[in-house]
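Subject: Structure for your files

Dear colleague,

Here is the structure we spoke of. My notes on what was found in it follow below.

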Amino acid sequence: MARKRRSSAAESLKRQKDGEESLSQVEEPDSDRSLIAIFVIFFILIPAVSIVVYKVKFADRVIQTETSIRHRGIVKTNISFQEILTEHSKASENSTTRHYDYPVLAYITPWNSKGYDMAKMFNSKFTHLSPVWYDLKSQGSGLVLEGRHNADKGWIQELRSRGNALILPRFVLKAIPSEMLKKKKLREKAISLIVTECREMEYDGIVFESWSRWAAYGVLQDPDKRKMALQFVKQLGEALHSTNSPRNNQQHMQFMYVVGPPRSEKLQMYDFGPEDLQFLKDSVDGFSLMTYDFSNPQNPGPNAPVKWIDLTLKLLLGSSNNIDSTLARKVLLGINFYGNDFVISGGGGGAITGRDYLTLLQKHKPTWHWDKESGEHLFMYRDNKNIKHAVFYPTLMSILLRLENARLWGIGISIWEIGQGLDYFFDLL
């Protein structure tokens, strides 16, 4: 019956279009009028109203990028090397307005000093800044915390004078897991070293990384060791939460934890999964999810395909239509500000920074291609030895696509790392 109604309405409209009949000249039967009315209501009015409602209700989900970058018309799939060379350094003078209203964590590394300047210039774009400074290592039968020589108090003071981003240095656990996790005194020592350093240096908390090392040592495949590892993370978070922030006695120190993404459609024993997220959610303020490095020199390809990102989020949070919004906000989707230059045949190549990338554009003047499947741009070139390379480096469009995706999930982002990107990337934040 429905099929006949759509057919009658379509035929009636076709006759009008072809000039065979006109509603103003020929009186239509009542049944045809009813069918036309039904067509108009269901296929024109209702969709139109729905679009208006959607725009009103979900307008805040659309990222309003910096006006200048929109007017320049450079956020697109059809890009050119000349356009990038001309526009990349033209970051907006309005460096304080945030366009992404979920948590934004940015990493800064000592080996890419540009990140220190970007952190100062765009301080208000971030909620958390994490300089990569500390390692917690085994020393004889004890532990030692290394990295204070990297800490720059003058830089921290300048950051705090310019904005409100919290300073959370990264601490990497490099101590031998089998020793530390089994011995209560060593676990307590590790927590004491970290909390004391935060107090003395007046940090706002820490970013802590241990999961990948535990996976490499086989800790996570053993149920008992895995339980001890998770309990240690929980205790560290509780210790930081019981310590007041140096800048605000009404707030505790914050604790971000770094986790890797799964490498298959099914969670493995060593993967960080939804049960781990639930166990740690009350003692961790944010989970820095490393959704990048999908490809490598042995298997060249995109840095972070959007389908893989969505799969990772579904494994961790469930369906985007039915998730705990408070918990989702604690997940920080990893976005890479670096790229990769891979050798196509024979393997080889690796990560490149913005500086290296711009040099390649100037030298080879390549043609860009947009890969719909991965949501990334790439270009090919041949080096001096006539060896073919494929370069995947983030663009305004690829970054915006991931920001929009993160917003739909209601999650934050973490950027590795801001010293490797281009200036106009920050207009998107």
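**Helix packing**

The axes of helix α8 (residues 184–201) and helix α10 (residues 223–241) come within 10 Å and cross at roughly 35°. Axes here are lines fitted to C-alpha atoms, for helices over the stretch in contact, and angles run from 0 to 180 degrees between N-to-C directions. Helices (H or I, at least four residues) and strands (E, at least two) are DSSP runs, numbered from the N terminus. The α8 and α10 crossing is right-handed; a crossing is right-handed if the near helix is turned clockwise from the far one by less than a right angle, and left-handed if anticlockwise.

Before the rest, a note on the source. This is a predicted model, in which local features need pLDDT of at least 70 and side-chain atom pairs count only at pLDDT 80 or more, while totals for chains, interfaces and linings use all residues. Residues are numbered from 1 along each chain as its sequence is written, and side-chain values use heavy atoms, with hydrogens and water left out.

From α8, the residues Arg 187, Ala 190, Ile 191, Ile 194, Val 195 and Cys 198 meet Phe 232, Gln 235, Leu 236, Ala 239 and Leu 240 of α10, where contact means heavy atoms within 4.5 Å. By class, the contact of α8 with α10 holds nine nonpolar residues, one polar and one charged. For these classes, Ala, Val, Leu, Ile, Met, Phe, Trp, Tyr, Cys and Pro count as nonpolar, Asp, Glu, Lys and Arg as charged, and the others, Gly among them, as polar.

Another pair is helix α12 (residues 306–317) and helix α15 (residues 396–409), with axes that come within 11 Å and cross at roughly 20°. That makes α12 roughly parallel to α15 (under 35 degrees; over 145 is roughly antiparallel, 65 to 115 roughly perpendicular and the rest oblique). The crossing of α12 and α15 is right-handed. On the α12 side the contact is made by Val 306, Ile 309, Asp 310, Leu 313, Lys 314 and Leu 317, and on the α15 side by Leu 401, Arg 402, Asn 405 and Trp 409. Six nonpolar, one polar and three charged residues make up the contact of α12 with α15.

Helix α5 (residues 114–121) and helix α6 (residues 153–162) pack with their axes 9 Å apart, at an angle of about 25°. α5 is therefore roughly parallel to α6. Tyr 116, Ala 119, Lys 120 and Met 121 of α5 make the contact with Trp 155, Glu 158, Leu 159 and Arg 162 of α6. The contact of α5 with α6 has five nonpolar, no polar and three charged residues.

**Helix α14**

In helix α14 (residues 354–364), the buried residues are Gly 354, Tyr 357, Leu 358, Leu 360 and Leu 361. Seen down the axis of α14, these buried residues fall within an arc of 155°, so they line one face of the helix; the arc is that of the directions from the helix axis to the C-beta atoms. Buried means under 20% relative accessible area, exposed over 50%, and partly exposed in between (1.4 Å probe, protein chains only). The cover over the buried residues of α14 includes α4 (81–87), β10 (339–343), β11 (349–352), β13 (376–382) and β14 (388–392). Arg 355 and Lys 363 are exposed residues on the face of α14 turned away from its buried side.

Asp 356 is also in α14 and is partly exposed, at 34% relative accessibility. Asp 356 and Gln 420 are 64 residues apart along the chain, with their C-alpha atoms separated by 9.5 Å. After α14 comes Lys 365, with a positive phi near 45°.

**Loops**

Most residues other than glycine have a negative phi. Asp 293, in the loop between β8 (286–289) and α12, has a positive phi near 60°. Asp 293 is partly exposed, with a relative accessible area of 39%. Asn 386, in the loop between β13 and β14, has a positive phi of about 65° and is exposed, at 52% relative accessible area.

Gln 251 is in the loop between α10 and β7 (254–259). Leaving aside neighbours within four places in sequence, Gln 251 is in contact with Thr 243, Asn 244 and Ser 245.

**The chain as a whole**

The chain has 15 helices and 15 strands. Of its 429 residues, 48% are buried.

Regards
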